[in-house]
Amino acid sequence: MHFSSEQRIDDAVVERAFTLGEIPGILWTPAALSPDSAPAPLILIGHPPLGLGRMYPRLAGRARHYVAEYGFAAATIELPGCGVRPRWAAAEQARADLRRAMAVESGGAVGGEIIDALILPLVDRAVPEWQAVLDELLALPGIGGPVGYEGGVISIGVRLAVVEPRIVAAGLFAGSLVPAAVFEEARRVTIPLHVLLQWDDEGNDRQAALDLFDAFGSREKTLHANLGGHTGVPQFELDTGARFFARHLTGEPR
C-alpha cells in the first residue's frame, strides 16, 4: 500500500490518499492516533459506481463524522471500472442497456438479464479488492478490528457480509438494483444490519428493497424508511448509523 498524500482536517482527522496496485483509495484516521493508543475500529465506506472524485464530498463528510466524533478509522476505494480506473466493455454495454430500459415510456422496467450483467461482475471484482485492501489496512499501526461496512452498492455489501468474517456489522443503503442471486445470498447473512430506505426513491424498486430486507438471515436487523428521494437521506441518520457501529464495533452504547 502506497500513500501519496496526507492532510489534516480540523485538527481531528488525518486524510491520506493511497493506492494498492491499481486500486485508489482514501483512509481517514484520528489525528491523535499513535502506536501507543488503542487500535481504532475500522469502517469501510462504499459508494455508488459514479467515481470516487464525484462522490468525495459525501464520503468525506461521513468519514470525518465517524473519525472525529467516534474515534473510528474509515476507508473507501474506487470501484472497478469507475472513476479513473480502466473501463471494461461488458460493464459499459450493461450501463447502456440500463439507460435504454429506464428511458422506455412504459415506465422503464429493467429485466433481470440487464441487472445481472450490470451488478454481478461488479460484485465479483469489487469484493476481492475490498478484502485485499482490508488486509493492508488492518496491518497498519493503530488500526484494528472489528470492522464494519456501510453504504454503496447493496449487493457488494451483501457479498462482503457473507464471505468476510472480519466484518461484524453492516449499514446498508437500499437504493440500487439487486440481482435475483443476491436475494439467495442475503439468506446467508447473519451479522447485525442497519438498513436505510428512501421511500420515494424514484429510480429503484421499493418492494424489491423490502423483499431483500425480509430475506436477510440476520437475527438483528433494523430498517429505517424515510420520506424523500434517493439523495434525501436525513442528516440525523448519520448519527443513527454511527451509534449502530459504536454498539457493535466497540460495545459502547452512544
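Trainee: In which helix is the place of E129?
Mentor: Helices here are DSSP runs of H or I with at least four residues, and strands are E runs of at least two, numbered from the N terminus. E129 has its place in helix α3. Before we go on, this is a predicted model, where local features need pLDDT of at least 70, side-chain atom pairs count only at pLDDT 80 or more, and totals for chains, interfaces and linings use all residues. Residues are numbered from 1 along each chain as its sequence is written, and side-chain values use heavy atoms, with hydrogens and water left out.

Trainee: Is E129 buried or exposed?
Mentor: Buried means under 20% relative accessible area, exposed over 50%, and partly exposed in between, using a 1.4 Å probe and protein chains only. E129 has a relative accessible area of 14%, so this residue is buried.

Trainee: With which residues is E129 in contact?
Mentor: Contact means heavy atoms within 4.5 Å. If we set aside neighbours within four places in sequence, E129 touches E22, I23, I77, E78, P80 and R85.

Trainee: How many residues does the largest nonpolar core have?
Mentor: A nonpolar core is a set of buried Ala, Val, Leu, Ile, Met, Phe, Trp, Tyr and Cys residues joined through side-chain atoms within 4.5 Å. The largest one here has 57 residues, and L42, L44, I156 and F216 have the most contacts inside it. Helix α3, residues 112–138, gives the most to this core, with 12 residues. Another core lies apart from it, with 23 residues, A63, V67, A74 and F245 among them.

Trainee: What describes a pair of aromatic rings?
Mentor: The distance of the centres and the angle of the planes describe such a pair. Rings of Phe, Tyr and Trp (its six-membered ring) pair if their centres lie within 6.5 Å; planes under 30 degrees apart count as stacked, over 60 as edge-to-face and the rest as tilted. A search of the whole structure gives 6 aromatic pairs. For F3 and F18, the centres are 6.2 Å apart and the planes at 70°, so this pair is edge-to-face. F3 belongs to strand β1 (residues 2–9) and F18 to strand β2 (residues 13–20), 15 residues apart. F3 is partly exposed, at 25% relative accessible area, while F18 is buried, at 1%. The rings of Y66 and F72 have centres 6.4 Å apart and planes at 55°, so they are tilted. Ring pairs also link Y66, Y70, F72, F244 and F245 into a cluster.

Trainee: Which charged end sits over the ring of F3?
Mentor: A charge sits over a ring if NZ of Lys or CZ of Arg is within 6 Å of the ring centre and within 35 degrees of the ring normal. The charged end of R16 does this for F3, 4.4 Å from the ring centre. R125 likewise has its charged end over the ring of W88, 3.8 Å from the centre.

Trainee: What is the order of the strands in the open sheet?
Mentor: Two strands pair if DSSP finds at least two bridges between them. The open sheet has 9 strands in the order β1-β2-β3-β5-β4-β6-β7-β8-β9, with mixed pairing. β1 and β9 (221–226) each have a single partner strand, so one side of each lacks a neighbour in the sheet. Strand β8 (residues 193–198) runs parallel to β9, joined by 6 bridges, and L197 stands opposite A225 in β9.
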